[in-house]
Amino acid sequence: NTSNGQIIHVRVEAIETGCYSLTTLELVVEQAPIAFTPQDLRYCDPDNDGFGVFTLTTVNNEITGGAPGLQVTYHETEVNAENGVNAIDTSIDYNNIVIDEQILYARVESATIATNCATIVALRLVVEPTPQLVAPTALEVCDDISADGIAIFNLTLKDAELLNGQDATQYIVNYYETEANAATASNAISTPTAYTNTEAFTQTIWVRVEDNMTLEGCYKLTSLEL
């Protein structure tokens with residue numbers, strides 16, 4: 001076409017008689033929806049079986065750029081996305097069917113475009129491993145002559161036991177005085193090799209072990225008794 005809305009003239013002629021009719025055909029180019037390839041959706045796998053749970057709708061705005069009036073559907077194959085069939089039910093979380101990593105296809109359509117214009121972008125689902133920890137045995141030290149229940153502990157002596165043979169260079173181990181701090185990775189004990197307990201005789205310390213090979217920073221928590 002040479003212009004949007006160009007009129008083409010059509011002649012339909014009967015072969016036997018030569019009689020004909022004329023009509024017109026308008027050529028209209030519609031703007032397909034603008035869509036953006038989203039960041040990978042990542043899931044920290046608690047049991048490292050390679051399967052996870054994903055909320056696909058969390059990337060809707062990233063795909064549409066926040067533009068109003070766009071509908072996003074997700075499909076397990078590119079063919080289904082192109083044909084607009086067998087959309088995944090996004091009212092519930094999606095469980096990947098390909099171990100560790102899977103590609104889904106997002107179809108973006110506009111309700112204001114009369115024709116079947118759609119844009120397809122890929123969404124990668126990544127299931128990342130989490131540290132598999134062994135619950136550590138209590139860390140014990142002998143009290144001094146004061147018998148006040150206060151002593152100095154080298155918490156890092158438990159690192160190897162916690163990791164149970166896993167490559168220590170792949171993990172970051174930090175110790176915390178509260179579970180809440182461990183969960184948010186805030187206020188880690190700054191001197192884990194020389195920690196003085198704050199509760200006499202027995203105290204629970206929380207351990208956060210984070211996998212530094214995962215973009216999501218997948219982690220596990222456990223407790224350590226002093």
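How many disulfides does the structure hold? The structure holds 1 disulfide, a term used here for a pair of cysteine sulfur atoms within 2.5 Å.

The model is predicted, so that local features need pLDDT of at least 70 and side-chain atom pairs count only at pLDDT 80 or more, whereas totals for chains, interfaces and linings use all residues. Residues are numbered from 1 along each chain as its sequence is written, and side-chain values use heavy atoms, with hydrogens and water left out.

**Overall form**

The secondary structure comprises 4 helices and 13 strands, where helices (H or I, at least four residues) and strands (E, at least two) are DSSP runs numbered from the N terminus. Because its radius of gyration is 30 Å, well over the 17 Å that the globule rule gives for 226 residues, the protein is more spread out than a compact globule; the radius is taken over C-alpha atoms, and the rule is 2.2 Å times the number of residues to the power 0.38. The C-alpha trace spans about 120 × 30 × 30 Å along its principal axes. Of the contacts with a separation of 6 or more, 62% are between residues 24 or more positions apart, contact meaning heavy atoms within 4.5 Å. The protein exposes about 13400 Å², of which carbon and sulfur atoms supply 52%, with accessible areas taken from the Shrake-Rupley method with a 1.4 Å probe and, for residues, only the protein chains shown counting as cover.

**The disulfide and the cysteines**

Cys 44 is joined to Cys 218 with an S to S distance of 2.1 Å. Cys 44 lies in strand S3 (residues 41-45) and Cys 218 in the loop between strand S12 (204-211) and strand S13 (219-225), so the pair ties together parts that are 174 residues apart in sequence. The torsion about the S-S bond of Cys 44 and Cys 218 is about -85 degrees, and therefore the disulfide is left-handed.

Burial classes follow relative accessible area: buried is under 20%, exposed over 50%, and partly exposed in between (1.4 Å probe, protein chains only).

| Residue | Relative accessibility | Class |
|---|---|---|
| Cys 19 | 53% | exposed |
| Cys 44 | 26% | partly exposed |
| Cys 218 | 0% | buried |

Buried residues make up 31% of the 226 residues in the protein.

**Thr 73**

Thr 73, which lies in strand S5 (residues 70-75), is buried, with a relative accessible area of 17%. Its side chain and that of His 75 are joined by a polar contact of 2.9 Å, that is, a pair of N or O atoms within 3.5 Å of which, within protein, one must be able to donate a hydrogen and the other to accept it, while residues adjacent in sequence count only if both atoms are side-chain atoms. Leaving aside neighbours within four places in sequence, Thr 73 is in contact with Ala 87, Tyr 105, Ala 106 and Arg 107.
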